[in-house]
Amino acid sequence: MRHSGIFLLFLCKNLGMNYFEQLKKLYDNQDDFLHREIAGGKKVHVVSLDTMCDGTKTCQFVLQPLAYLKDVQSADNLLQQLLIGANAKEEPNFDCVVQDFLNGYTLVFVEGEDACISVDTRIALGRSVAEPPTSMVMRGPREGFVEDIKSNITLLRKRLKTPKLKFVNISIGNYTNTAVSVCYLQDVADKTLVQNVVQRLQSVSIDGILDSSYLARYLDVENTFLFRRVGTTEKPDIVVGKMLEGRIAVLVDGSPMVLTLPYLYIEDLQSPGDYYENSVMTGVNRVLRFVSVVASVLLPSLFVCLQMYNYQIIPLKFLITVLNATQSIPFSPLSEMLMVIIIFDILREANLRMPSAVGITLSLVGAIVLGDAAVNAGLIGAPAVMIGALSGIGLFAMPDNTLILSLLRLTITFIGGIMGIMGVMLSILLVMFYLASLETYKTPFLAPFAPDISNDRQDAVFQKGLPDQKKRPRSIPHGNDTRRGA
Amino acid sequence: MNKNKVNVSQLSLLLLLVITGGKFLSLPSILAKDVGHDSWLVLCVAFLWDAVGLCFVLWAVKLNKNRLGLDDILNVTLSRLGSKLVLAIFFVMFMCRILVLLDSCYNTFAVTFDVNTNWVLFMLPIVAVGAFAISRGFNSVARTAQILFAVIFLSIVALLVYPLTQAKFSQLLPVGEAGLGKIVGTAFVRSFWFSDYVFIYFVLEDIKPQKHLFAPMLSSFTVGVVFTVLLNAVFVALFGSVAQYGNIAMSKIGMFSVAESTDGRWDWITLSVWLTSVVIKIVIFIFCAYKCVEKIFALHFGKANYLVLVAMAAILLVPMFVPVNVFLNSFVRWCLVPFAVVQYLLPLCMPIFTKIANGKQMQT
């Protein structure tokens, strides 16, 4: 399809057709292709795509001025005197002409000239800026990114009023031609890192980009199959904060999720609200998140191993309670726990896909009917349900990693059930070795703890007061070490 | 990116973990059997030798300006054949150590935790973890040690605190009853259990040059020594003359950490955490043995070579045919002198060897 288009262009050029004729040929049978011919000296052709243009803007910026047209000399002359659109430019390249046309620009051709004037008459579609549902905060800005890249850039520019804020624009996707913008702070971001990211994006060959998550997979140098390696956020204040630390942001048209990189594992512990709270409370919250995640992943496996192999570790009174609750269960502790975890995961997945009104019913059915009935029927023990539920809830302390952590929980529980404590221990070591070995864009994934970078611990788990955070994180390559007075 | 790169702080933490990991399993009872309540003195003597050896190795690291590997240095100074011979001794030594450590872990799990697993099913997952670590690079082990260090160290402290208050240190008196000759002799006979710092040889070319080398390394060595000697002394002070029959020392000490048996054996959790350091030590030795093969055959495997790893796993099947204590008292005793050469003589020569090799490298 694409090749036939290129062939057509090649043919048009060789037949001596000008840009207008070539464009007309490409969109000849399309209903939304609008063409108006205005005579005044030389002939002027006004061309637009009805479905992508705002008719009022076309009238106001192009047709009305052209009504006063008396004697057209050239496209330059037209641009200087008549067109009053805020974004009007002369486009000498046919590829750019087609791109502008597809984006909703109105094109003005002067007969006998190849170049054309493109006037921004794009239709404003999409939702307005609102609080993102994935990262709600008690305090702090509530604005969130939207699907329109231009609005997203505006949200960043609004916060970073400096000429050092730079954008590198790339178009990706053979069919979608999605606008992608690499955004960074000059002098703060590392130049090599910027080049590296831009080169990676330029080398992407794909039919279409429908969301920034498509690009995240290309930006993950090590093709990590477990943990995510590129940060995502819907909040402009978070992106700005990260850019001030030397990171790079990648904005994709059509996606409210902005990518940030390099990415550290510790970022999963940090929440958008952390920076607007008291630093002591932030530290406590982060510890709580960490403990809940570790407990969520390990609790089911430890419960299974202790029940199956090392019950001596459990205090006697607790052991008696567990034994009383589980003595009539027909399954082994391992199958019992796996069942609870899988049911919980099914409920979570179903709940995500259900309309919100049905979701509440589903939660009730899941919690009361399934859980209570299973316990009463003697299929699952109450302690297993409690541990499974506790662990399931704890996973949401790191909402972006719930699926990965759930998978880990399931795997470690299975290994623990077969190999006992040693299996759990080896699984933890395996995961640690894996995480510790990850390093992209010269940034170790487990920094600032492994390797230990004391400066970066200022905002790792416990947060130093803002006035004391004088240096940028060293684990992230950057061009300027000092945060203040630089 | 060099996947084996390691910095001084990581190296010092690894040193601390390998010193403390593995010495609280069967060694205390072996030493108690050899010299009675003076076993802690044997440890002191052995660690004194280790301290000298470590200083010389660190000196060699300082002198190694061109970041040469052990094989590069030995090829220049001892000829290719000599180099291969030394590396072969190292390989045998590491395999023996892996075997003994695995057996101790196996006993801990089988005896203490009542998990009667088959040897193959026990050994293979640990070797698999070692293989995974090799494929990810030594750096991943060093970084993991950095993260787990605090937890492991806390587990040792937790296991030690309560028994420390109950230990009758009068059991250690009179000091030196076994006689200096026997103590020094035992330290040599049991030298196989010491000189854990030799793993540094195999990351010689990967140590990031840093200003401070001796201070952090010797500090962590000292802390490791203090804890090992203290734990050994507490073990003997708690069990007195029956210490020689208590095979897994850490597990036996842990019993004293629990006030009431109805509270549950929570010490097993801390014991498991501490056992992580033993597994890390095994992984490091697997890495070193693997490196020996690489260097002996002058090959460089991009990722983990499964043929080599399978061969190593096959060697580790020995306990299925020969009990490890028999193996220790026969094969390891025969190899005592060659092992002592690489453990104690080679470190003393390393600074000179390194200087010569670096000098020749500069000339070429």
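Helices H2 and H5 of chain A pass each other in a right-handed crossing; a crossing counts as right-handed if the near helix is turned clockwise from the far one by less than a right angle, and as left-handed if anticlockwise. Before you zoom in, note that this is a predicted model, where local features need pLDDT of at least 70 and side-chain atom pairs count only at pLDDT 80 or more, while totals for chains, interfaces and linings use all residues. Residues are numbered from 1 along each chain as its sequence is written, chains are lettered from A and ligands numbered from 1 in the order in which they are written, and side-chain values use heavy atoms, with hydrogens and water left out.

**Stop 1: H2 and H5 in chain A**

Helices (H or I, at least four residues) and strands (E, at least two) are DSSP runs, numbered from the N terminus. The axes of H2(A) and H5(A) come within 11 Å and cross at roughly 50°, which makes H2(A) oblique to H5(A). Axes here are lines fitted to C-alpha atoms, for helices over the stretch in contact, and angles run from 0 to 180 degrees between N-to-C directions. Under 35 degrees counts as roughly parallel, over 145 as roughly antiparallel, 65 to 115 as roughly perpendicular, and the rest as oblique.

Now select A:Tyr19, A:Gln22, A:Leu23 and A:Leu26 on H2(A), which meet A:Phe94, A:Val97, A:Val98 and A:Phe101 on H5(A); contact means heavy atoms within 4.5 Å. By class, this contact has 7 nonpolar, 1 polar and no charged residues. Ala, Val, Leu, Ile, Met, Phe, Trp, Tyr, Cys and Pro count as nonpolar, Asp, Glu, Lys and Arg as charged, and the others, Gly among them, as polar.

**Stop 2: an aromatic pair**

The whole structure holds 31 aromatic pairs over all chains. One of them joins A:Tyr19 and A:Phe94, a tilted pair at 5.1 Å centre to centre with 50° between the planes. Rings of Phe, Tyr and Trp (its six-membered ring) pair if their centres lie within 6.5 Å; planes under 30 degrees apart are stacked, over 60 edge-to-face, and the rest tilted. The two residues are 75 apart in the chain, with A:Tyr19 in H2 (residues 19-26) and A:Phe94 in H5 (residues 94-103).

**Stop 3: the sheet in chain A**

Next, colour the open sheet of 5 strands, ordered E6-E7-E9-E10-E8 in chain A with antiparallel pairing. Two strands pair if DSSP finds at least two bridges between them. At the edges lie E6 (165-172) and E8 (231-233), each pairing on one side only. Neighbouring strands are turned by 25° against each other on average, direction ignored. Helix H8 (residues 212-219) of chain A packs on this sheet, touching E6, E7, E9 (248-252) and E10 (258-261), and its direction makes about 20° with that of E10(A).

Follow E7 (residues 178-185) of chain A, which pairs with E6(A) in the antiparallel sense over 8 bridges. Go on to A:Asp187, in the loop between E7 and helix H7 (191-202) of chain A. Its phi is positive, about 80°, although A:Asp187 is not a glycine.

**Stop 4: over to chain B**

Select H10 (residues 267-296) and H11 (residues 306-315) of chain B, whose axes come within 11 Å and cross at roughly 120°. H10(B) is therefore oblique to H11(B). The contact is made by B:Ile286, B:Ala289, B:Tyr290 and B:Val293 of H10(B) with B:Val308, B:Leu309 and B:Met312 of H11(B).

**Last stop: a cis bond**

Finally, centre on B:Pro174, in the loop between helix H6 (138-166) and helix H7 (180-189) of chain B. The peptide bond from B:Leu173 to B:Pro174 is cis, with omega near -5°.
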